[in-house]
Amino acid sequence: MTLQNENPTVYETSTSTRVPRAHEEDESMPDAFDAEEIFDLIRNINDPEHPLTLEQLNVTQLRLISVDDDQSSITVRFTPTIPHCSMATLIGLCIRVRLLRSLPPRFKVTVMVTEGTHNSEAAVNKQLNDKERVAAALENNALSSVVNQCLSSAVVV
């Protein structure tokens, strides 16, 4: 297999800096989701081309996540390593699947390419946010297997 980005830049990663707040320790009270918690869910997803995580490649970044817990809405933007990355849809699908598997069903999850970072940004965004296309993609055994592989060693918080 020929790699599209043979020598990607590898970035320093950090450990989670999220400190539980006092009210979150009270099991009788529901605690709100925040961007840090969402980032912790997706940061260790494996890149489909390299033995690196999305955080190590700077594909996922805390600042590109927005959460409105009151409106049950989460938006995750991700930045492919190159503007013509053919893996962008697969990466976005992995992010979406991780969140769908990890979050309560009340959330509307939107996964998008960071504006201006991919040549086919509109097409990728359309695919990633169309429920029927996502469902069809996950019915494909080969594609589902690749998604599961990318998620397999991702640390679930």
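1. The largest pocket of this predicted model holds about 310 Å³ of space, where a pocket is, on a 1 Å grid over the protein atoms alone, an open set of points that a 1.4 Å probe fits, with protein on both sides within 12 Å along at least five of seven lines. Its volume is the space filled by probe spheres set on the points, which are joined across faces, edges and corners. Of the 15 residues lining this pocket, Arg96, Leu100, Lys108, Val109 and Lys131 are the closest to its centre, a lining residue being one with an atom within 4 Å of a point. The elements that each give two or more residues to this lining are helix H2 (88–102), strand E3 (108–113) and helix H4 (131–139); helices (H or I, at least four residues) and strands (E, at least two) are DSSP runs, numbered from the N terminus.

2. On the basis of the model, residues are numbered from 1 along each chain as its sequence is written, and side-chain values use heavy atoms, with hydrogens and water left out. Because the model is predicted, local features need pLDDT of at least 70 and side-chain atom pairs count only at pLDDT 80 or more, whereas totals for chains, interfaces and linings use all residues.

3. The pocket lining comprises 10 nonpolar, 2 polar and 3 charged residues, with Ala, Val, Leu, Ile, Met, Phe, Trp, Tyr, Cys and Pro counted as nonpolar, Asp, Glu, Lys and Arg as charged, and the others, Gly among them, as polar.

4. The largest cavity has a volume of about 70 Å³ and is lined by 10 residues, with Asp47, Glu49, Thr81, Cys85 and Ile91 nearest its centre. Its lining divides into 5 nonpolar, 3 polar and 2 charged residues.

5. The sheet is open and has 3 strands in the order E1-E2-E3, with mixed pairing; two strands pair if DSSP finds at least two bridges between them. Strand E1 (65–68) and E3 stand at the edges with a single partner strand each, so one side of each is left without a neighbour in the sheet.

6. E1 and E2 run antiparallel and are joined by 4 bridges, among them the one that pairs serine 66 with threonine 75 in E2. These two strands form a hairpin with 4 residues between them, and serine 72 in the turn has a positive phi of about 55°. Strand E2 (residues 73–78) and E3 run parallel, joined by 6 bridges; isoleucine 74 has valine 109 in E3 as its bridge partner, and arginine 77 has methionine 112.

7. H2 and helix H3 (residues 121–128) pack at about 35° with their axes 10 Å apart, axes being lines fitted to C-alpha atoms, for helices over the stretch in contact, and angles running from 0 to 180 degrees between N-to-C directions. In their contact (heavy atoms within 4.5 Å), Ala88, Thr89, Gly92, Leu93 and Arg96 in H2 meet Val124, Gln127 and Leu128 in H3.
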